Amino acid sequence: MQARMTNPVMVLPDAMRALLELGRVAQSGTVPETTHRLIHLRVSQINGCGMCVDMHSRELKESGEKDERIWGVGAWRESPYFSDAERTALELAECVTRIADRAEAVPDEVWNRAAEYYDEEELSSLLLSIAAINVWNRINVATRQPAGSS
């Protein structure tokens, strides 16, 4: 695969700075970094962003995550390798990413479950992190940024 164009965040450096700052702010709270990385991987899988799937899988591996957890992200519901809080974050990430797939994009039961594990600041952190990876995925997929090009 060859990129259609230079990544837009390289063409518009202010966009790169803005997206990096959004990511930094989203991950500056008390939600574990691993949780952010897991949702980044899952959202990237859903969106078919090979570049981000590759990058976030490698980040998880480099941070010491076990292979089973990395491989299991796509089937987290059936995998025994995730905590209840991580499962809730992954479920929220899927709903927020697939907002057009159901009448109620984020059902109350999903939201309420997330609110059992995360306070308002942590939910804000998760939502911003989910939004940020969706932006990156959409840019990379639209311009066909290949895996390994980060």
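Which helices each supply at least two residues of the lining of the largest pocket? Helix H1 (8–11), helix H2 (13–26), H3, H4 and H8 do. Some notes on that and the rest follow.

1. Ground rules. This is a predicted model, with local features needing pLDDT of at least 70 and side-chain atom pairs counting only at pLDDT 80 or more, while totals for chains, interfaces and linings use all residues. Residues are numbered from 1 along each chain as its sequence is written, and side-chain values use heavy atoms, with hydrogens and water left out. Helices are DSSP runs (H or I, at least four residues), numbered from the N terminus.

2. The pocket. The largest pocket has a volume of about 500 Å³. For the record, a pocket here is an open set of points on a 1 Å grid over the protein atoms alone, where a 1.4 Å probe fits, with protein on both sides within 12 Å along at least five of seven lines; lining residues have an atom within 4 Å of a point. The volume is the space filled by probe spheres set on the points, which are joined across faces, edges and corners. Of the 25 lining residues, Leu20, Met55, His56, Glu59 and Trp136 are the closest to the centre. The lining divides into 11 nonpolar, 10 polar and 4 charged residues (Asp, Glu, Lys and Arg count as charged; Ala, Val, Leu, Ile, Met, Phe, Trp, Tyr, Cys and Pro as nonpolar; the others, Gly among them, as polar).

3. The core. The largest nonpolar core has 29 residues, and Ile39, Leu90, Leu92 and Leu126 have the most contacts inside it. Such a core is a set of buried Ala, Val, Leu, Ile, Met, Phe, Trp, Tyr and Cys residues joined through side-chain atoms within 4.5 Å. H8 gives the most, with 6 residues. Leucine 90 touches Leu38, Ile39, Arg42, Val73, Trp76 and Phe82, leaving out residues up to four places away in sequence (contact means heavy atoms within 4.5 Å).

4. Histidine 36. This one sits in helix H3 and counts as buried because its relative accessibility is 1% (buried is under 20% relative accessible area, 1.4 Å probe, protein chains only). Neighbours within four places aside, histidine 36 is in contact with Ala26, Gln27, Val31, Ser125 and Ser129. Its side chain also makes a polar contact with that of serine 129, at 2.9 Å (a pair of N or O atoms within 3.5 Å; within protein, one must be able to donate a hydrogen and the other to accept it, and residues adjacent in sequence count only if both atoms are side-chain atoms).

5. Arginine 87. Have a look in helix H6 for arginine 87, which counts as buried at 18% relative accessibility.

Definitions and conventions. Buried means under 20% relative accessible area, exposed over 50%, partly exposed in between (1.4 Å probe, protein chains only).
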